[in-house]
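The following report describes a protein model for a reader who has the sequence and the three-dimensional view at hand. Please keep both open while reading.

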Amino acid sequence: MAEAHQAVAFQFTVTPEGVDFRLSREALKHVYLSGINSWKKRLIRIKNGILRGVYPGSPTSWLVVVMATVGSSFCNVDVSLGLVGCIQRCLPQGRCGPYQTPQTRALLSMAIFSTGVWVTGIFFFRQTLKLLLSYHGWMFEMHGKTSNLTRIWAMCVRLLSSRHPMLYSFQTSLPKLPVPRVSATIQRYLESVRPLLDDEEYYRMEMLAKEFQNKTAPRLQKYLVLKSWWASNYVSDWWEEYIYLRGRSPLMVNSNYYVMDLVLIKNTDVQAARLGNTIHAMIMYRRKLDREEIKPVMALGIVPMCSYQMERMFNTTRVPGKETDVLQHLSDSRHVAVYHKGRFFKLWLYEGSRLLKPQDLEMQFQRILDDPSPPQPGEEKLAALTAGGRVEWAQARQAFFSSGKNKAALEAIERAAFFVALDEESYRYDPEDEASLSLYGKALLHGNCYNRWFDKSFTLISFKNGQLGLNAEHAWADAPIIGHLWEFVLGTDSFHLGYTETGHCLGKPNPALPPPTRLQWDIPKQCQAVIESSYQVAKALADDVELYCFQFLPFGKGLIKKCRTSPDAFVQIALQLAHFRVGPHLPLLRGQGGARVRLPDSPLCISQDRGKFCLTYEASMTRMFREGRTETVRSCTSESTAFVQAMVEKSHAKADLRDLFQKAAKKHQNMYRLAMTGAGIDRHLFCLYLVSKYLGVSSPFLAEVLSEPWRLSTSQIPQSQIRMFDPEQHPSHLGAGGGFGPVADDGYGVSYMIAGENTIFFHISSKFSSSETNAQRFGNHIRQALLDLADLFQVPKTDS
């Protein structure tokens, strides 16, 4: 128990001679170093706040202005046009004090004038940069055909941007998200639903829309414009609250998403070693985040993206409530919460002020893996509370976790930097076994429903064979933000930290470190019943998810570019073609352990036509605006449906089909650009709907629009946000992206990553309970649709 004594700063006993103190110098040293580290962080934040506050200026530029003003006075040149003299006369006068000599008064006046000029210059540069960043004409120009206006604009943006901006330097220079005109939004909405409605249905919707535009919308729009003047972003706070935090259904599958590890290589098979390097890299990233040393993401290398979502990446938990949840974010956290074999542990990341080395973290995780103690009553499935309904979790939290050891243990989890799940199973993508990727995705999406803490900003999942993955909560940020972290972690793990020949972390651990602490619980029978109820809800939801993941090998973005279209438009049109072709569902069979499985596809399935289009959701970002998050691209257009129908009819010449395809691709690219530049449809209608609810105004049009199901919900996974290595030199260092559950009960969730020149990864989800969907069949149709599009342009493909 030597380590227990190290955790005590001092002890004392009462003797006849008085009180005898026994101090632990080692413990007091750690307390002292911890305090020093805390003050260092405060000072760094103060310094960064000052530097960020004066961007694009700097203390050096202030000194230059002061010296120029003082220097001009020695040359008898008054650059202030008399303002310095006015300031000098306004200074307090007296025989004593700091203003007693004329020289001191003159220098102080010049410093005040210079500071005013400097601050005015900063304000002018910021407003000019904001005005320049409001220009989005460059997005709508053809590739390789840049206008002179855009060239001049790019030169001006570069001149006004510092060479070394910090992470949040551009935040105050980013323009606000504009509120579109109601007439423009209504026109684009009607255009988006035209291919989905027959003439009678479309006429009815058109009448509803026109009535709303003329009667109800003007009043609602005024309130929305007023909010856009007052708030940093007129959408994001309402989107976070009403789409995420007020949702009462389980987070698991319905909201949380997963991210996969590198799939074509393995750095080590040692579970604890992989965790040691990975968590060390994560805390290195957090340190850079706190110090704002991470470069902001820049489009074209010059247009900054909003970084505000990154603030809550670590030390954040979603706390359940009966009506709405709350995001709890701490400025710092020095430990992680760990789950293994039904037990919860608290693992410190620091020794005093020093971040633990990878080898020390490996030793600590190995101690957890070797711990033979059993779970306490009710502890094993405790995390199922975070996987079930939010109301039930909120009631249980208030009833059973508001005092005593349960409160202390729950706080240890909720106040952790993030959550770590150590699984006993092994998952890894085997290219020879396609099903392995789907099983890997299922494990990341929901696990066994009680070995993930779904409320944490993210859970790091470690399998027994060293493979990793993430399960991320969605309210605090969108997928590109967690992808930024993950790219840094995987790059640091692979190219900077390394392993020994036996797969362990480099260096020797410190065996004197106290082991991780078991969290203590006192869970009564009533609470165990609630836990079991939440587990059954979560298990039914997880068992209903059909996930089909595959790697498409015939080609990637290299071939798509030869078709003279954007890779995203190419894949989206292929999805429309595949969805139109999807046939009836296959019967369900019971597999091992009672799991539901599909019969294998047959060639006949490819030829069966569903003959239907559906409302399609594609996520795009609005991060070119301050606090921007996402907007919807309605990918099912009149142009894409015309192309799909022509392809299915098989009576058109290839030249005609190519022309229809190019029209559909051009339309999609234009809609994507409109969404990114604040001229989307759905966020505007969503906010108008909320204003109508606040005002008690009934709108049949908005009610119908907001109730339309997204039966095909899609998202492209970003990559290479951090260029830590050359993908051409390291083609095997390839992640498979990630995925999410279906948005509609009778729909599909499709996530895809165009992973380099020669491959695309797809993650397709649906529900077994729906007779309308079949994820595996849809995946096969996607394969065939991609091949058909390639054949249409007669571009040779690589061998699978």
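C449 is placed in the loop between helix 14 and strand 13, where helices (H or I, at least four residues) and strands (E, at least two) are DSSP runs numbered from the N terminus. The phi angle of C449 is near 80°, a positive value in a residue other than glycine. C449 is buried, with a relative accessible area of 3%; buried means under 20% relative accessible area, exposed over 50%, and partly exposed in between, for a 1.4 Å probe and protein chains only.

The model is predicted: local features need pLDDT of at least 70 and side-chain atom pairs count only at pLDDT 80 or more, whereas totals for chains, interfaces and linings use all residues. Residues are numbered from 1 along each chain as its sequence is written, and side-chain values use heavy atoms, with hydrogens and water left out.

A positive phi is also found at L300, which is not a glycine; the value there is about 60°. L300 lies in the loop between strand 4 (298-299) and strand 5 (303-304). With 58% relative accessibility, L300 counts as exposed.

| Residue | Relative accessibility | Class |
|---|---|---|
| L300 | 58% | exposed |
| C449 | 3% | buried |
| C505 | 3% | buried |
| E240 | 14% | buried |

**Overall composition**

The protein has 24 helices and 24 strands. Of its 800 residues, 52% count as buried. Among contacts with a separation of 6 or more, 78% join residues 24 or more positions apart, contact meaning heavy atoms within 4.5 Å.

An open sheet of eight strands has the order 15-9-8-12-13-14-3-22, with mixed pairing; two strands pair if DSSP finds at least two bridges between them. Strand 15 (517-518) and strand 22 (738-739) are at the edges and have a single partner strand each, so one side of each is without a neighbour in the sheet. Within this sheet, strand 12 (residues 419-422) pairs with strand 13 (residues 458-462) in the parallel sense over four bridges. F419 has T459 of strand 13 as its bridge partner. Helix 14 (residues 435-445) lies across strand 3 (257-260), strand 13 and strand 14 (468-472), and runs at about 130° to strand 3. Such angles run from 0 to 180 degrees between N-to-C directions, and axes are lines fitted to C-alpha atoms, for helices over the stretch in contact.

Six strands form another open sheet in the order 16-24-23-21-19-20, and its pairing is mixed. Strand 16 (545-552) and strand 20 (630-634) are the edge strands, each pairing on one side only. On average, neighbouring strands of this sheet are turned by 20° against each other, direction ignored. Helix 14 packs on this sheet too, touching strand 16 and strand 24, and its direction makes about 130° with that of strand 16. Strand 23 (residues 748-753) and strand 24 (residues 760-767) are paired in the antiparallel sense over five bridges, with I764 of strand 24 as the bridge partner of V750.

**Helix 9 and its surroundings**

How is helix 9 oriented relative to helix 22? Helix 9 (residues 236-245) packs against helix 22 (residues 682-695) at an angle of about 75°, and the axes are 11 Å apart. Helix 9 is therefore roughly perpendicular to helix 22, a class that covers 65 to 115 degrees, while under 35 is roughly parallel, over 145 roughly antiparallel and the rest oblique. Helix 9 contributes W238, W239, Y242 and I243 to the contact, and helix 22 contributes R683, F686, C687, L690, V691 and Y694.

Helix 9 also holds E240. Apart from neighbours within four places in sequence, E240 is in contact with L245, R312, L327, A475 and R629.

C505 is located in the loop between helix 15 (479-497) and strand 15. Its C-alpha atom is separated by 9.5 Å from that of T268, 237 residues away along the chain. Beyond neighbours within four places in sequence, C505 has contacts with residues including A273, P358, E362 and Y499.

The largest nonpolar core has 88 residues, of which F418 and F701 touch the most other members. A nonpolar core is a set of buried Ala, Val, Leu, Ile, Met, Phe, Trp, Tyr and Cys residues joined through side-chain atoms within 4.5 Å. A second, separate core of 52 residues includes A383, A443, A736 and A755.
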